[in-house]
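Here is a quick walk through one protein model, from a single side chain out to the packing of helices. Have the viewer open as you read.

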Amino acid sequence: MLLCISTVKLFWVQPQRSFSSLAKCLRLTGKLPMEPQTQASLDKDFLPWLEQIAGSKITNTLTIGKSTYGRSLFASKVIHAGDCMLKVPFKAQITPDELPLDIRVSLTDEVGNIGKLAAVLISEKKTGQKSRWVPYISRLPQPAEMHSTIFWGEDELSMIRCSAVHKETVKQKAQIEKEFSFVAQAYKQHSPMVMERRDLENFMYAYALVGSRAWETSKGISLIPFADFMNHDGLSASIVISDEEKQLSEVTADRNYSPGDEVQIQMVVPNDDPLRIMKLGLLRTHHTRTVKDINIFHSSCDTFTIKEVKSAIGKGKGIPQSLRAFARVLCCTIPQELNDLSKEAAQNDGRLARLPLKDRSRELEAHKILLSHINRLIEDHSACIKEMEEYKCYVVSQRLVVRRQMARDLLSGELRVLRSAAEWLSHYCTTLFSEHSLYNSNIQMN
């Protein structure tokens, strides 16, 4: 039984109470850099070392082993959802609080918890054998083993140019460079020997490690040795519950769900739309992050996350209501239609255009707009996948093989979701058209 942290979707955070596991934004894969016998010997000593720091027993149900995902945790006995798998005291966790006080004071809010914890990792690594975290740090993946998209070159990123992950990667890299500039400046003032400007690559590496392994805790985020050996096969999930009174974190088994079953899409109000300003103003006025869609989605004004629609003839569960509402706003052609939507929202829960439009032809047009947009995304994804399959290169590195497979898996998963949404929208439009035609026929007969 392999236990692992779910990689739900790149750059997506699973809503899970205030003590949830940190989203796995940066994916890790790769071979172990040592012989199996050496690894087994070192891993055998790891838990006793951690329990010595903790001053208590960490787990009675898990052991370290090797899987196709690298170093992983295996159940030594049956574990059910809700069972406590391990307990790690706060003193055996690495947190941003381990930064020197003068550095912490110097860092502004421009540097998030991931950036601060990445700085801690770099400091500890440069301390060398004197660091008390050497047994843990030495087991972390090496840069050559990491395949987060932030390490991809332009040619590699072009493989996923049709995915929202491409845009998010560019934003992420810019954010990391921005945070590094603040961190480097703080160390230049107080500890110039620890970090220099040329350490950007080291910071990016540490940032990726923290982003993929850290957990949300009462300390903000924490690296929890042993717990983060729960690697990423996407078949199960775990959560961390912090107990302030006992000063420890408990990791419990959570529900199972499938990986790669989400895709992010963007919709925009065209620049040439005569009602563009009015529509944007209305969308912003009625947009709220505190209200969840029925399907548990959080959508910004123009960015939406959809899941695979299981049935083309069902209720469309998987397509967020906010996305369908956006399409209804888009199809409005006169100010009065927008005013009517605003009044309707005020009379209900405040959310805009969540009910089907009374004019069936308008409702049909709205969903045709959405279907057309998704069909274009399907064409783009199909073209990218075909391009990868037709690409011929006689000298291919192992790194490129891994990343090309990652790109293919990502796009194939998103394509499956998009096609399921298109099938449902097509059926919905066909039904609307039939009803509208029947309605018009009845009017003519009367």
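## A serine inside a helix

Ser123 has a relative accessible area of 17%, so it counts as buried, the cut-off being under 20%. Keep in mind that this is a predicted model. Ser123 sits in helix H3. Apart from neighbours within four places in sequence, Ser123 touches Tyr187 and Val194.

Zooming out to the helix itself, H3 covers residues 113-127, which is 15 residues. From first C-alpha to last, H3 reaches 21 Å, close to the 21 Å expected at 1.5 Å a residue. What lies over them?

## Two helices side by side

Next, have a look at H8 and H10. Two packed helices are described by the angle between their axes and the distance between the axes. Helix H8 runs over residues 276-286 and helix H10 over residues 335-347; their axes come within 11 Å and cross at roughly 5°. Angles under 35 degrees count as roughly parallel, so that is the label for H8 and H10.

Which residues make the contact? On the H8 side they are Met278, Lys279, Leu282 and His286, and on the H10 side Pro335, Leu338, Asn339, Ser342 and Ala345. Sorted by class, this contact has 5 nonpolar, 3 polar and 1 charged residues.

## Salt bridges

How many salt bridges does the model have? The count comes to 15.

| Glu337 | Arg362 | 3.0 Å |

Start with the Glu337 and Arg362 salt bridge. Glu337 belongs to helix H10 and Arg362 to helix H11 (residues 360-390), so this pair ties together parts that are 25 residues apart in sequence.

An α-helix has 3.6 residues a turn, so residues three or four places apart point the same way. Glu365 has a relative accessible area of 32%, which makes it partly exposed.

Elsewhere, Glu156, Arg399 and Arg403 are joined in a network of salt bridges.

## The whole chain

Stepping back, the protein's secondary structure comes to 12 helices and 10 strands. Of its 446 residues, 50% are buried. Looking at contacts with a separation of 6 or more, 73% are between residues 24 or more positions apart.

How values were computed
Residues numbered from 1 in each chain as written. Predicted model: local features only at pLDDT ≥ 70, side-chain atom pairs only at ≥ 80, totals over all residues. Heavy atoms only, no water. Axes fitted to C-alpha atoms, helices over the stretch in contact; angles between N-to-C directions. Helix = DSSP H or I, 4+ residues; strand = E, 2+ residues; numbered from the N terminus. Parallel < 35°, antiparallel > 145°, perpendicular 65-115°, else oblique. Contact = heavy atoms within 4.5 Å. Nonpolar A, V, L, I, M, F, W, Y, C, P; charged D, E, K, R; others polar. Expected span 1.5 Å × (residues − 1). Salt bridge = Lys/Arg side-chain N within 4 Å of Asp/Glu carboxyl O. Buried < 20%, exposed > 50% of the residue type's maximum accessible area, 1.4 Å probe, protein only.
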